Amino acid sequence: MRVAVTGTPGTGKTTATELLDSDFEIIHLNDVIHELELTTGRDDERDTLIADLDAVESWLDERDDVVVESHLAHEFDADRVVVLRCAPEEIERRLRERGESTESARENAESEALDVILSEAVDRHGL
């Protein structure tokens with residue numbers, strides 16, 4: 001079984017999954033992407049790596065009984081999907097405290113206000 005825990009950056013995905021009491025392996029997908037260099041390049045405008053979704057999917061296909069945590073987790077096959085939500089103002093505050101740029105924090109807060117990840121998750125996985 002694969003459980004995807006997704007949401008806009010700053011909603012608390014990492015914190016929530018670290019608190020889980022489960023026999024499932026917890027996969028912090030962003031860490032895996034960085035460590036294994038599962039990327040196709042860099043988005044210089046956003047100062048971030050671009051994940052190679054095909055390579056990530058291949059890596060995930062070899063794993064069972066996992067909780068996959070990332071703002072990208074809903075992009076992959078899953079038996080259950082959990083979308084964490086947070087007030088946009090709180091997301092902006094949390095991301096600024098983490099050292100994100102004002103522009104990045106505002107972009108993510110706007111994304112949350114517009115239900116971007118929730119909409120993507122519902123489109124891919126249904127209700």
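The following legends describe close-up views of a predicted model.

**View 1. The open parallel sheet.** Four strands are arranged in the order E2-E5-E1-E6 and form an open sheet with parallel pairing. Strand E2 (25-28) and strand E6 (80-83) are the edge strands, each pairing on one side only. On average, neighbouring strands of this sheet are turned by 20 degrees against each other, direction ignored. Helix H6 (residues 116-125) packs on the sheet, where the helix touches E1 and E6. The direction of H6 makes about 165 degrees with that of E6.

View 2. Strand E5 (residues 66-69) runs parallel to E2, to which 4 bridges join it. Within this pairing, Glu 25 stands opposite Val 66 in E5, and His 28 has Glu 69 of E5 as its bridge partner. E5 also runs parallel to E1, again joined by 4 bridges; here Ala 4 has Val 68 in E5 as its bridge partner. The side chains of E5 divide between two directions: Val 66 and Val 68 point one way, whereas Val 67 and Glu 69 point the other way. All of these residues are buried.

**View 3. The surroundings of Thr 6.** Thr 6 belongs to strand E1 (residues 2-6). Its relative accessible area is 0%, under the 20% limit, and Thr 6 therefore counts as buried. A polar atom of the Thr 6 side chain lies 3.4 Å from the backbone oxygen of His 71. Leaving aside neighbours within four places in sequence, the residues in contact with Thr 6 include Lys 13, Ser 70, His 71, Leu 72, Ala 73 and His 74. Val 81, Val 82, Val 83, Leu 84 and Ile 117 are also among the contacts of Thr 6.

**View 4. The hairpin of E3 and E4.** Strand E3 (residues 39-43) pairs with strand E4 (residues 48-51) in the antiparallel sense, over 4 bridges. Thr 39 has Ala 51 in E4 as its bridge partner. The hairpin has 4 residues between the strands, and in this hairpin Asp 47 takes a positive phi near 55 degrees.

**View 5. Arg 63 and the ring of Trp 59.** The charged end of Arg 63 sits over the Trp 59 ring, at 3.6 Å from the ring centre. As for pairs between aromatic rings, a search of the whole structure finds 0.

Terms used:
Residues numbered from 1 in each chain as written. Predicted model: local features only at pLDDT ≥ 70, side-chain atom pairs only at ≥ 80, totals over all residues. Heavy atoms only, no water. Phe/Tyr/Trp six-rings, centres within 6.5 Å; stacked < 30°, edge-to-face > 60°. Lys NZ or Arg CZ within 6 Å of the ring centre and 35° of its normal. Buried < 20%, exposed > 50% of the residue type's maximum accessible area, 1.4 Å probe, protein only. Polar contact = N/O pair within 3.5 Å; in protein donor to acceptor, adjacent residues only side chain to side chain. Contact = heavy atoms within 4.5 Å. Pairing = 2+ DSSP bridges. Axes fitted to C-alpha atoms, helices over the stretch in contact; angles between N-to-C directions.
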